[in-house]
Amino acid sequence: MQPFRLDSAQLDNQGIATAGTCELISYDSAQLNMFAAELSYCQPHWHEAPELIYVLSGDLSLTVHQQEVKLAAGDLAFIGADLIHALETQTGCTLLTLQFSPVLFHDTHPLPAGFAFFTAGQVAAGQLTAQCLSMLELVLQEGVSFFALQAQIYALLACLEVLLVRQPLISAMTVGAADSREEMVIRQSIARINETFAEPLTVADLAEQAHVSYSHFSRLFKKVSGYSPSDYLTMVRVNQAKPLLKSMQIPITDIAGKVGFAEHRAMLAAFKKYCGVTPTEYRKQYYADFDWRADDERVTATPNKPLALSLARQIMRTGSAKP
Amino acid sequence: MNRTAKQCLSDMTVSDKVTLLTGNGLWKTAQLPELGIEPLTMTDGTYGVRYSPEQIDHEGNWSITDFLGVVNQSADEPSDKKGSEALFGHTLPATCFPNGSALACSWDNALVAQMGQALARECQALGVDILLGPGINIRRTPLSGRGYEYYSEDPLLTGELAASLIKGLQGEGVGASLKHFACNNSEYRRTEMDSIVDERALHEIYLSGFKRAIDKADPWTVMSSYNRLNGQQTSQHRGLLHDILRQQWGYQGLVMSDWYGVKDRPASLLAGNDLAMPEVARDKAELLAAIDNGTVDETVLDTACLRMLALIDRINAGRKTPQPVDMPGHHQLAQHIAEESIVLLKNSDGLLPLDTRNTPRIAVLGPAAHAPVIQGSGCATTVPSMLDRPLDEIIDVAGEQAEVTYSAGVGDGETSAEEALLLASSQAEAADVAIVFISTAVGEDGENGDRQHLDVVASHAALLSAVAAVQPNVVVVLMNSDAVVMPWLGQCKALLETFFAGQGVGRAVANLLFGLKNPCGKLTVTVPNSLEETPAYLHYPGEALKHYYSEGIYVGYRYYDKRKMTPCFPFGHGLSYTTFEYRSIEVVNKTLGTGESLQVDVTVANTGARFGKEIIQLYLSFPGIELAQPPLGLKAYAKVALEPGETKMVSLTIEADDFRAWHPALKDWIVEPGKYGISVGPSSRELPLSATVQVAGSNYRLPLREDSSLVQVVKDEQAFSRVVALVASRSGLEASVIRERLITIAPELFCGLFIALTEFLNVPVSRKELLEALRAD
């Protein structure tokens, strides 16, 4: 599983490795991951770190804990720890993402939980955006002190804490209660897919392993993750194929096999469906983008295209990527 | 510059002038702000814009540490930068268009001009004023390391294509640098080697393309080469740079040196090499000293400065505001040029185009299918803006109907050669058709080094053999710098020759394989059967630093035709998926006066079922009485597009100058009078249409000497009349009788005229009197 995650300071493959059920996120000393990226979709996943998303451009639909909301430029969303979330966009979008290290929190003062979103123009969105921009300004300063960063992180969390109390879409309480056996079954299936996508895996196999009927499994999977199991399986394979396509080393026919497609034609069909382009075209889009191509190691590790934080700041300041 | 060049010159000190005529850093010319002179920026290369930000923007220099960094790069690092290329720095991505050897196969002047325009737009976006191309040396031997940059073994085709590229570039305001002037036709020890070229070959073959390009497109600069020509360094060769280029041809532009190609700066300026590139402090100091001690006259300096100032004016007048470049559009152009340039050499049983309904299982084999060889290695090597991989494009074009498999078929670190071959042949056996990509060794061609042989990579040939053993339907796609030998030709039914077709080669190949496009390129060199039969073989690469061009004017097909040898594929050859019929020829002028051009109308029909393009070639046969001649010389061509069933009449023109031949005794061009043959067809060895024309010829008088034969003297009416008068005055006979008797006896007199007259005919004439009679007017 490769949800987008990239910080400009550091990237090690462990940072995005899948360990069982969810994305592992690693942190620098700052205890905050902040990155911007362009993306078209992100398969269902969850992680321990709470996450705040700011939509820089485009619009998308975000599915969190079985609820779907539409977000547009200027909107924000907060996703608490361990909530399954996925996103999808028809037009493409760019996001600024902040992930908070669990180290920031304390037994007596836990991390904010639940899910909420904030629509552009509202007072709440304005306050959060201002906090995010301050954070960004700080991160982009040279030689900024650790304590200054830490102070700004807590200022942002304080603001979030207040706003979350006012407008939770999924409260922290609800999340706990819904963490049922059924959801556990699906989380296990997702984990299985994430681990064994390269093998000839079918929905029937997954249902059998989960000890539920095929139809019940399919319904449940859709309910929990927002996707049908076959869609999810294909998305994982497509997502796995993308970084390989960006690498110049592997022939395209080998890539299909490496990520579990029975043959190249299946990969072709999946790419057309989920990306609107063929694998060949996807590979060339990457190659033709000089900014993107410039730093091979960083970009081949993720299916998404990273965006410079300075550009994100510009968009936040002016609403446009053009100077 | 607002002031006139003359005013500017009068304000300059000698030191300013020397500065103006020397480079400024690696890629710029002088900056003299107090005189209003801003630097010009130049960059390589011939088929893509190589812009090095470190070297141009940050005024970096070649540095030994960079060089060592590359030398020490481990082999498994993904880098194809090797050898001298590493010295030229990292460059920004740019469109890598088909290299000269591929581009030329389009035979399409308009398309080449379009490429020139695209190159100019990429130059302008980067602030580049002069692109260092096109390189047009004649491809005398396929071993030449830079053959991939050059166009052809034929000077007319070379000159026409070069003119088109220059027009495209300069029309957009970017200067061209026509190079490498002259006779740098192989890379072996190129900076030391002396090319020994006879006068006829020099003018008719090696210089003729340059002259044509200069006449038709007036390149703003010409670049002298690294080698010596007939004993002199070309950058210091006054006979070449002044007598021929300036006086005979009337070239007004600027001559610059190749990078570090000047060995003696004062001598190079005296010879007419105006600008020395790049900046070398010693060059400046030596030139200043030479002016100081009077070796170089300041008027020589002034002439070169005026040319430089004129160039600056030209560039300032044409300079445009940088616009963002439509890189996807340029990529499409690169694909299109590749499609127009790739040559279908063989297509037995109509195997191509492929139809996925008949051959749904396709085995693609060979490493170049995934990593295509799109260009050569050297100062022209471009970082491509985009790359079409043949395998990827085949998959996209074949679509979901096709089942495509791939393996490299050659060993690598993980797979042994045997395992790789085993997998490849099992894939080939399971398929309906196998497409095998084979190439020449990467990095072997390049600067200051030639190829060692004409073979493709041995493991690729082994792959083809293994595939052919199990699969009858084999298509070979060849990626190579210049011609290769093809002992394996019998192992494939179809053969697509791409040369180095640039970043769009993958899509172009896929479109051609599946018939979305119809092949329409033709060879611009002869493909030999063996290295040993090639025209330059015997004296290549020269010895004791002298390289005799011993085949003279018999370069390329001229050699094969003259010796009645059958090459593997002849010059001008290329197949199509449709068929063309050459219907009729009409020579518009039956006789041709001096200085007249000849129009020939040719009618061609598309008799097949597909749209296609045909390259109609016209060759001229000279009378060959006064001067020996090859059987055929290309004199005109046209690329014509025809719908199925369509017929078109095409007018071809042989220009007046193309009837000329260089007479070494006269040191001038002549047009021999007599009957000339005109042949038209689809290749130099398939010429179904022919006609003749009577040409009046030029008035020329060969020098006569005391030992000239009487037969020769009789041919020269003026001299003969004087000889008749002289003999008549001594013999007392009537002049008319003497004339008649001398004509009758002429064939019998085996001695020179002086001895014949004095010893055999007993005519008392002095040597001085005879020479007086024979003297030219």
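Predicted model: local features only at pLDDT ≥ 70, side-chain atom pairs only at ≥ 80, totals over all residues.
**Close-up 1. B:Gly572 in a loop of chain B.** The loop that contains B:Gly572 lies between α19 (557-562) and β18 (580-587) of chain B. With a relative accessible area of 0%, B:Gly572 is buried. When residues up to four places away in sequence are not counted, B:Gly572 touches B:Trp107, B:Lys522, B:Leu523 and B:Gln617, together with B:Pro682, B:Ser683 and B:Ser684. B:Ser736 stands 164 residues apart from B:Gly572 along the chain, and the C-alpha atoms of these two residues are separated by 55 Å.

**Close-up 2. The largest nonpolar core, with B:Met256 as one of its residues.** In soluble globular proteins, nonpolar side chains tend to be buried together. The largest nonpolar core of this model has 225 residues, and those with the most contacts inside it are B:Leu20, B:Phe181, B:Met256, B:Phe437, B:Met486, B:Trp488 and B:Leu495. Apart from neighbours within four places in sequence, B:Met256 is in contact with a set of residues that includes B:Met42, B:Ile130, B:Leu132, B:Val222, B:Leu275 and B:Met277, and among its other contacts are B:Ser177, B:Thr221 and B:Asn273. Another core, of 36 residues, lies apart from the largest one, and among its residues are A:Leu52, A:Leu76, A:Ala116 and A:Leu133.

**Close-up 3. The interface between chain B and chain A.** Here 25 residues of chain B are in contact with 22 residues of chain A, and the area buried between the two chains is about 1,900 Å², of which carbon and sulfur atoms give 56%. Between chain B and chain A there are 5 salt bridges, one of them joining the side chains of B:Glu400 and A:Lys272 at 3.0 Å, N to O. The polar contacts between the chains amount to 11 residue pairs, with both residues at pLDDT 80 or more. On the side of chain B that touches chain A, the elements giving two or more residues are α14 (327-341), β12 (383-384), α15 (390-398) and β13 (403-407) of chain B, and α15(B) gives the most, with 5 residues. The residues of this side of chain B divide into 12 nonpolar, 6 polar and 7 charged.

Technical notes
Residues numbered from 1 in each chain as written. Chains lettered and ligands numbered in written order. Heavy atoms only, no water. Contact = heavy atoms within 4.5 Å. Buried area = accessible area lost by both parts, 1.4 Å probe. Salt bridge = Lys/Arg side-chain N within 4 Å of Asp/Glu carboxyl O. Polar contact = N/O pair within 3.5 Å; in protein donor to acceptor, adjacent residues only side chain to side chain. Helix = DSSP H or I, 4+ residues; strand = E, 2+ residues; numbered from the N terminus. Nonpolar A, V, L, I, M, F, W, Y, C, P; charged D, E, K, R; others polar. Core = buried A, V, L, I, M, F, W, Y, C linked by side-chain atoms within 4.5 Å. Buried < 20%, exposed > 50% of the residue type's maximum accessible area, 1.4 Å probe, protein only.
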